[in-house]
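Trainee: I've got this one open on my screen and would like to talk it through. Can we start with the terms and then work through the fold?

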Amino acid sequence: MRIEGVITPATASFAQDVREGLSKPQKELLSKYLYDDIGSELFEVITLLPEYGLTRAGQRLLKKYAGAIVERVPGHVIVAELGSGSGKKTRWILEALSRRQFTRYYPIDISGAALARSRSELGEIPFVSLVGFERDYLDGLLEVAARRHNGDHLMVLFLGSTIGNFDRPAGEAFLRELRALLRPGDSLLLATDLEQPIHELELAYSDPLGVTAAFNLNLLARINRELDAHFDLKNFEHLAPYNTQERRIEMHLRARVAHSVEIPKADIEVSFREGETIWTESSHKFALDEVRAMAGRTGFRCEAQWVDGEWPFAQNLWIAT
Ligand code: AVJ
């Protein structure tokens with residue numbers, strides 16, 4: 001007998017998603033799998049690149065406008081955050097709120113490591129308590145909603161522009177589901193990356209140093225590590241063209257040569273034609289008026305928008321109607 005090892009539930013669902021994604025005519029891998037420990041660190045490096053202004057724009061806006069933002073959210077507020085991130089941006093909001101009230105803060109993330117990071121980054125702000133939920137966004141939000149006291153206004157933070165990773169219809173469906181867990185008067189602070197000239201966007205996702213390429217290729221390396229596959233990373237190149245029709249960056253990995261790869265723990269062998277791609281991420285870009293219209297279609301009104309002066313990026317405050 002050859003002992004192949006144990007498959008944990010996490011590996012099993014990764015294996016199944018890899019099998020399904022690589023069996024489609026346009027091969028694809030879900031972008032959430034970019035963020036294992038190595039991928040998360042590579043993403044942190046991306047946020048430091050001069051070509052990738054997105055994260056710094058989000059931080060600048062919160063640093064500058066956290067006071068103005070929380071002023072528009074009246075009443076006693078409790079805060080839930082979808083994807084706890086590095087916690088840096090959240091600090092400005094929590095500090096602004098804690099000047100007027102004791103604030104209960106609930107970060108929600110599928111990664112225990114991310115929750116631990118936000119605990120060490122934010123755990124010591126005076127007049128703030130923190131309880132993390134290691135759950136999917138909406139499952140976690142349901143639990144937070146169950147903990148609200150009468151009169152609490154729930155403020156949901158969805159920073160970093162992760163909404164851009166959904167296709168537009170799926171993004172709206174997600175926002176509608178989110179709205180269903182809220183009450184009128186609750187709020188959503190939603191970050192969106194905005195449209196800008198193609199050249200800038202493509203450079204942001206194909207940086208000359210090659211960090212984004214490494215971030216993308218790490219997905220194949222992760223399949224090698226976790227599913228015992230034998231992808232030769234040299235057989236693939238990173239591509240990130242802007243799709244003008246759909247107004248999004250599409251990240252792909254393109255096979256340089258025809259070849260096939262066995263993925264033992266996913267029980268498949270995948271063949272690639274020369275030039276064939278695996279689609280690994282979409283990053284949609286928005287227009288300001290489009291974001292306002294989206295609010296109306298998903299059960300909110302857009303209370304205010306703050307736009308960065310250096311990088312086209314907006315923080316949008318929506319109130320549930
Ligand atoms: C973390 C989803 C906001 O879409 O710009 C960065 C991820 N991908 N470079 C984005 C990402 C390639 C990023 N988000």
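This is a predicted model: local features need pLDDT of at least 70, side-chain atom pairs count only at pLDDT 80 or more; totals for chains, interfaces and linings use all residues.

Trainee: Okay, which residue in β9 does Leu239 stand opposite?

Mentor: Start with the strands. β7 covers residues 236-239 and pairs with β9 in the antiparallel sense, over 4 bridges. Leu239 has its opposite number in β9, and that residue is His252.

Trainee: And what is the bridge partner of Tyr242 in β9?

Mentor: Here we're on β8, residues 242-243, which pairs with β9 in the antiparallel sense over 2 bridges. The hairpin of β8 and β9 has 4 residues between the strands, and Arg247 takes a positive phi near 55 degrees there. As for Tyr242, its partner in β9 is Ile249.

Trainee: How many bridges join β9 to β12?

Mentor: β12 spans residues 277-284, and β9 and β12 run antiparallel. The bridge count for β9 and β12 is 7.

Trainee: Now the loops. Is Phe127 buried or exposed?

Mentor: Phe127 lies in the loop between α5 (112-122) and β4 (128-130). Its phi is positive, near 65 degrees, and it isn't a glycine. That's worth a look because most residues other than glycine have a negative phi. With a relative accessible area of 56%, and the cut-off at over 50%, Phe127 is therefore exposed.

Trainee: Is Ser161 buried or exposed?

Mentor: Ser161 is in the loop between β5 (152-158) and α7 (168-180). Its phi is also positive, near 65 degrees. Its relative accessibility is 9%, so Ser161 counts as buried.

Trainee: Zooming out, what is the radius of gyration of the chain, and why does it agree with a compact globule?

Mentor: The chain has 10 helices and 14 strands, and its C-alpha trace spans about 60 × 50 × 35 Å along the principal axes. With 321 residues, a compact globule would have a radius of gyration near 20 Å, so the chain's value agrees: 21 Å.

Trainee: Last one: what share of the residues of the chain count as buried?

Mentor: The accessible surface comes to about 14800 Å², with 53% of it belonging to carbon and sulfur atoms. Of the 321 residues, the buried share is 51%.

Notes: Residues are numbered from 1 along each chain as its sequence is written. Side-chain values use heavy atoms; hydrogens and water are left out. The radius of gyration is taken over C-alpha atoms; the globule rule is 2.2 Å times the number of residues to the power 0.38. Buried means under 20% relative accessible area, exposed over 50%, partly exposed in between (1.4 Å probe, protein chains only). Accessible areas come from the Shrake-Rupley method with a 1.4 Å probe; for residues, only the protein chains shown count as cover. Two strands pair if DSSP finds at least two bridges between them.
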